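Please read them with the coordinates open.

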Amino acid sequence: MSESPRRTPPLRWRLRHILPYYRQNLWAFVLGFLLLVATSATAALIPYLMKLATEALTHRGTNDTLQETVLILILVALLNAILRIRSRTHIFAIGRQVEYALRKAYHAKLLSLDAAFFNRSKTGDLVARGNTDVLAVRMFIGPGFLQVANTAMVYAVTLPVMIALNPTLTFLALLPFPIILGLTRLLTTRLYRLSRAVADRFGLFSGFVQEAVAGMAVIRAHAREEDWQRRFADEVQEIYSAQMRHTRLQSLFGPLVLLAGGAGIWIILLVGGQEVMTGHLTVGDFVAFSGYLAILVWPTVGFGWILTVLQRGLAALERISQVLDTEPFALLPGEQGHALPKVTLARGEIRVRGLHFAHNEPILHGIDLQLPAGSFVGLAGRIGCGKTTLLHCLARLYAVPEGTVWLDGQDLLSVPEEALRQTVALAQQESFLFSTTIRENMTLGSPNASEAEIWEAARMACFDEEICRFPDQLDTLVGERGITLSGGQRQRLSLARALLMDPAVLLLDDIFSSVDARTEARILDNIHALADSRRRTIILVCHRTAALHRAEAIYLLEKGRIAAQGTHAELMRNAPLYQSLHQQMIRHEALESLQ
Amino acid sequence: MMPPVLAETEETRDGNLFNMHPYRLLWRFFRYARPYRGWVATALTLLPVAALLQLWQPLLIQQAVDHHLLPGRAEGFGAILLLFLLLILGQFAVGYLQSAVNTLLGQRLVRDMRRELFAHLLRMDAAFFAHNASGRLTNRISNDTEAVSQMISAGMINLLGDLLLLLGIAVSMVLLSPRLSLVTLVALPIIVLGTLYITRRMRTIQRKGRLLQARMAGHLTEEVEGRETIRLFHSQAKNRATYDGMNRAYLETALQANFFEAFQFSFIDATSTVVIALLFWYGGFLYGDAGISIGVVVAFIDYIRRLFFPIREISGKFTTMQSAITALERIFALLDTAPGIVDHEPVQVLRPPVKGAIAFRQLHFRYGSEPVLQGIELHIAPGERIAVVGPTGAGKSSLIKLLNRTYEPQQGMIAIDGVDIRRLPLAQLRRLVGMVQQETFLFAGSVAENIHLGDPEITPERVRQAAEETGAMAFIASLPQGLATPLAERGVNLSAGQRQLLGITRVLAFQPRILVMDEATSSVDTLSERLIQEAVERLMAGRTSLIIAHRLSTILHADRIIVLSGGRIAEQGSHTSLLAHDGLYARLYALQFAEGREQAVDGVG
Ligand SMILES: Nc1ncnc2c1ncn2[C@@H]1O[C@H](COP(=O)(O)OP(=O)(O)OP(=O)(O)O)[C@@H](O)[C@H]1O
Ligand SMILES: Nc1ncnc2c1ncn2[C@@H]1O[C@H](COP(=O)(O)OP(=O)(O)OP(=O)(O)O)[C@@H](O)[C@H]1O
Ligand SMILES: [Mg+2]
Ligand SMILES: [Mg+2]
């Protein structure tokens with residue numbers, strides 16, 4: 001995702017994600033612009049007043065005129081300050097509002113995207129986009145607009161006055177400016193790429209650090225610290241180099257614009273000096289002129305600076321746009337609202353017809369399943385045969401093609417998200433816990449669950465007794481990813497979370513892998529009881545095929561195909577793979593070897 | 001002990017944890033500049049040069065006005081013009097150098113600081129990571145250091161330059177006309193008080209802003225990692241609301257900050273004009289007095305403009321400095337957190353051959369207030385195969401985490417070949433004890449990289465061999481690029497069983513003297529498990545092993561079985577003796593065997 005563009009695309013396209021905000025805030029911008037006009041107008045008065053004052057001083061006019069001018073000067077300065085504060089706060093506020101909206105949009109987008117997208121992204125990088133890059137875009141909108149508008153304004157107001165004073169001198173004094181601006185344009189195109197490179201590097205760097213911190217336990221357990229230190233050093237060096245390449249050009253800006261200002265003064269001195277000596281120009285004019293030039297220099301410096309900020313902002317915007325442009329495969333709940341009829345799913349009948357699924361390589365090949373509501377089936381197979389993938393398809397975490405999976409007779413793709421989530425719950429093979437309390441983790445999908453329901457779900461998952469032993473019970477904090485729980489505790493918490501949803505379809509992915517035999521037996525009893533009630537369709541994936549005895553049907557997956565199906569007894573008779581997967585075989589052999 | 005952290009980081013509230021004086025902080029920070037003395041010297045030398053180039057310009061103008069323009073004398077004017085030209089060209093060159101050198105310095109210091117921070121993190125222990133949100137640590141290395149670099153490249157040196165300039169201007173003004181300079185004094189209290197007020201307000205606002213920013217980043221990180229869970233449990237709306245709350249609060253602080261920024265920017269500007277106005281007024285009185293010529297007034301105006309520009313800059317840079325100093329505080333606080341687990345002096349290196357006898361002596365351990373392990377006494381002979389079983393939450397994982405000093409017991413000790421493991425160099429200990437953790441962590445990198453982890457000792461052949469032994473090669477070979485196939489973050493493009501298999505392969509490739517496996521085959525099928533067991537038997541022949549397993553099939557091969565329950569060793573002995581004992585183990589075993597019987601009835605028989 002980090003390759004830099006060959007050619008810089010048209011600006012309009014690059015701005016596509018913030019143009020709407022510009023439109024929304026059109027009047028705010030207009031008001032801001034008017035405020036700027038007023039600010040510039042008052043600012044332009046100041047050198048003129050100074051000229052008057054200087055002249056009053058030279059001509060030894062009455063002290064009255066001088067005092068009057070001084071008073072006006074002070075008043076104008078104050079007015080100017082007030083206007084400037086107003087205009088700056090007003091315009092920056094627009095940038096902040098857009099920052100807020102953009103951040104919100106980015107966050108919402110991330111929540112809506114699916115596995116395919118995340119598989120090719122790095123967490124740290126995505127976070128950097130939502131943080132540093134959004135900041136850079138804000139600089140683009142608020143200060144960027146201000147500076148551009150301001151520069152335009154200052155020129156618009158100041159230039160006529162200067163021309164009125166002395167056209168030739170104005171022309172000559174401003175001569176260096178366009179040259180400098182031309183140079184600037186040249187620089188910015190290059191700078192755009194360089195700053196994009198810096199932003200990308202920084203994203204990669206954050207990703208690297210993020211991952212290293214997450215995998216620290218492995219690094220330390222294998223005493224690989226030195227190697228990581230070296231890789232980190234390289235990574236840091238990369239950022240440094242990218243940064244320095246950027247700096248080498250970027251450092252030209254400020255001095256260049258200062259040079260333009262200096263050259264202007266020099267020209268005034270050269271030409272204007274002659275004229276003052278010959279009496280064509282007063283010293284007051286001379287003072288005013290250099291004053292105006294001073295007014296022009298800083299906005300132009302700012303303009304140079306802002307060009308960089310704009311480039312950085314554009315680069316950041318592009319990184320954000322990459323994410324915003326990604327589309328999830330299923331419609332979002334909001335968008336579905338009016339597109340789809342309200343449906344009530346409750347029975348939990350699942351039908352799969354010729355389901356093929358591929359990540360990059362094909363993984364599932366023509367899966368057919370027919371699960372009547374209330375059935376209890378097992379899924380078995382060797383590692384990597386596609387069990388989890390199948391469950392993810394059924395839970396619509398992966399994009400299944402249209403017309404392959406039906407839930408209660410409705411195409412899975414057209415089921416509204418909310419209805420789907422209330423109908424189908426999946427306890428994942430590797431549970432993810434958030435760093436909050438046990439309670440928050442458990443009620444993630446059912447925020448309105450009562451205390452009794454929570455405890456009941458915990459009991460079903462055989463987690464209640466342990467919760468009771470924690471000092472804070474349900475309010476115990478579990479740390480990032482549930483780090484402060486034992487492996488089995490994490491697994492049961494995530495099972496309890498799925499059970500609490502009270503779903504019509506319960507998908508259980510290898511939920512016994514980290515629990516001991518006794519706990520397993522107790523949980524299994526609870527699941528059998530659930531199955532017997534026939535109010536739920538249950539699919540149980542398990543490596544310990546012994547746990548599947550009671551299933552009505554067991555599907556045996558092999559390399560993404562259903563290799564065999566039947567009850568436990570049938571499979572033990574007909575399916576050699578199933579036999580060899582069965583634990584009992586090993587156990588018998590082992591027992592024999594013991595004797 | 002600290003509570004486990006929330007994603008939102010308490011500590012970003014900064015300041016209260018450590019009360020180092022800012023100057024001491026800065027002083028300490030300057031040490032990082034030591035290797036770059038040459039560059040610092042360059043940057044510092046450029047400062048007076050730049051100031052001189054600037055200050056000279058108004059003087060030249062004054063001369064031009066008084067000696068040439070007003071009297072209309074043309075000779076000598078050319079020299080002034082030439083000098084002026086040289087000055088602005090010099091200013092350009094010096095300006096470029098300054099900007100480049102300052103950024104270079106900032107970036108270099110930050111580069112070193114980042115390396116030090118990372119090296120420090122590598123030394124920290126598991127308890128530290130359990131109690132410090134990873135987002136926060138990442139933030140230290142990436143964003144806080146960036147703030148510090150800003151301080152160098154945009155703040156500190158320029159601040160010095162500004163101060164120097166200010167001083168130069170002040171001196172020139174006093175030299176030019178002491179009386180007119182008095183007028184400028186009027187502005188002093190206004191500016192000082194105003195700046196103080198604004199800086200103080202800005203500090204509170206900025207802190208709040210940074211806290212919110214850190215929280216949002218933490219939130220986002222966790223959401224990205226837990227995206228499937230969020231999806232499955234349909235909690236997007238709730239997550240959006242939480243995030244929106246922070247986002248909105250951030251907007252509010254930002255709007256407040258805006259006002260003060262604008263105020264800061266404008267009030268100094270206005271003050272400068274007022275001072276110029278007063279100058280005219282006062283000049284009106286003094287005009288004609290000795291030394292007050294029109295040229296002097298003109299030069300004064302120019303000086304005042306130049307005077308107020310650095311003042312405005314200084315107050316702006318104050319803000320940059322402030323956030324950099326709080327960032328520094330946090331960075332140093334992290335660097336000052338001593339790693340809890342270090343080599344104990346005198347370090348004692350175990351000489352090969354290491355036999356692999358392990359002794360746990362009267363171990364007591366707890367994470368927080370609840371005891372997890374109590375009075376563990378266990379002696380393992382070299383080459384012995386030990387299995388540890390017990391209910392979930394019994395403390396099995398905790399026990400082995402003590403063995404490679406992931407955690408340290410509060411009481412008791414562990415010895416390998418009679419040597420207290422605290423005396424062993426950590427690196428040796430961890431190479432000695434190969435540990436397959438309950439959760440396999442894979443890095444984004446190739447499959448091979450995840451096996452050898454960058455260790456040059458582990459040759460490609462060894463990687464391949466280990467993968468073949470454990471049976472991992474079967475699936476690796478079917479990946480598009482075999483061992484070179486890139487894995488996604490945390491290896492999410494593999495199945496759980498495949499990940500676990502890789503984890504085992506990794507440890508076997510390291511060929512440790514002591515093998516520890518924590519539920520290492522929990523997610524693999526029976527066939528794979530058998531392959532793994534055989535590989536372990538072969539590779540670990542004669543080496544000590546400690547295997548935690550819930551599936552009794554895994555442990556039948558063990559020489560001795562330890563039953564852990566409630567943090568104590570409840571039973572131990574061989575399979576047969578434990579069955580005879582008819583305790584917890586017998587019950588656990590019966591459960592699994594009972595299924596076997598049931599299955600024997602309707603199955604193969
Ligand atoms: N980092 C930690 N901080 C605080 N408490 C912890 C931490 N890790 C584990 N615990 C607690 O210590 C107890 C023992 O945990 P441990 O992981 O050793 O159990 P275990 O026997 O390995 O269980 P399992 O079979 O489920 O993996 C548990 O109650 C757990 O909640
Ligand atoms: N995100 C992904 N991108 C690419 N390939 C993937 C991805 N996830 C899984 N695979 C591949 O798809 C295949 C099936 O994986 P899946 O997780 O469904 O297996 P599984 O049957 O659940 O195995 P296990 O018993 O180990 O959990 C594996 O070969 C795996 O490498
Ligand atoms: Mg799986
Ligand atoms: Mg454990």
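1. The model is predicted. I start with His234(B), which is partly exposed, with a relative accessible area of 22%. Its phi is positive, about 50°, although His234(B) is not a glycine. His234(B) sits in the loop between α7 (227-232) and α8 (236-286) of chain B.

2. Arg396(A) also deserves a look: this residue has a positive phi of about 55° and is not a glycine. Most residues other than glycine have a negative phi. Arg396(A) belongs to the loop between α14 and β4 (405-407) of chain A. With a relative accessibility of 0%, Arg396(A) counts as buried, because buried means under 20% relative accessible area.

3. The ion (ligand 3) is coordinated by OG1 of Thr388(A) and OE1 of Gln429(A), at 1.8 to 2.2 Å. Thr388(A) is partly exposed, at 21% relative accessible area, while Gln429(A) is buried, at 14%.

4. Which chains supply the surroundings of ligand 1? Residues from chains A and B surround ligand 1, so the site is shared between chains. There are 20 residues around the ligand, and those that come nearest are Ser486(A), Gly488(A), Lys396(B), Ser397(B) and Ser398(B).

5. From chain B, an N or O atom in the side chain of Tyr407(B) is 3.4 Å from a nitrogen atom of ligand 1. The protein buries 89% of the 630 Å² that ligand 1 exposes when taken alone. Two elements give two or more residues each to the shell around ligand 1: α19 of chain A and α10 (396-403) of chain B.

6. The largest nonpolar core has 95 residues, and Leu355(A), Leu507(A), Leu508(A), Phe512(A), Ile539(A) and Tyr578(A) have the most contacts inside it. Helix α19 (residues 487-500) of chain A gives the most to this core, with six residues. Leaving out residues up to four places away in sequence, the contacts of Phe512(A) include Gln491(A), Glu520(A), Ile523(A) and Leu524(A). Another core, of 91 residues, lies apart from that one; among its members are Ala173(A), Ala288(A), Leu293(A) and Val296(B).

Conventions:
Residues numbered from 1 in each chain as written. Chains lettered and ligands numbered in written order. Predicted model: local features only at pLDDT ≥ 70, side-chain atom pairs only at ≥ 80, totals over all residues. Heavy atoms only, no water. Donors = N, O, S within 2.8 Å, 3.2 Å for Na, K, Ca; no water. Buried < 20%, exposed > 50% of the residue type's maximum accessible area, 1.4 Å probe, protein only. Core = buried A, V, L, I, M, F, W, Y, C linked by side-chain atoms within 4.5 Å. Helix = DSSP H or I, 4+ residues; strand = E, 2+ residues; numbered from the N terminus. Contact = heavy atoms within 4.5 Å. Near = heavy atom within 4 Å. Polar contact = N/O pair within 3.5 Å; in protein donor to acceptor, adjacent residues only side chain to side chain. Areas by Shrake-Rupley, 256 points an atom, 1.4 Å probe, with all protein chains shown as cover.
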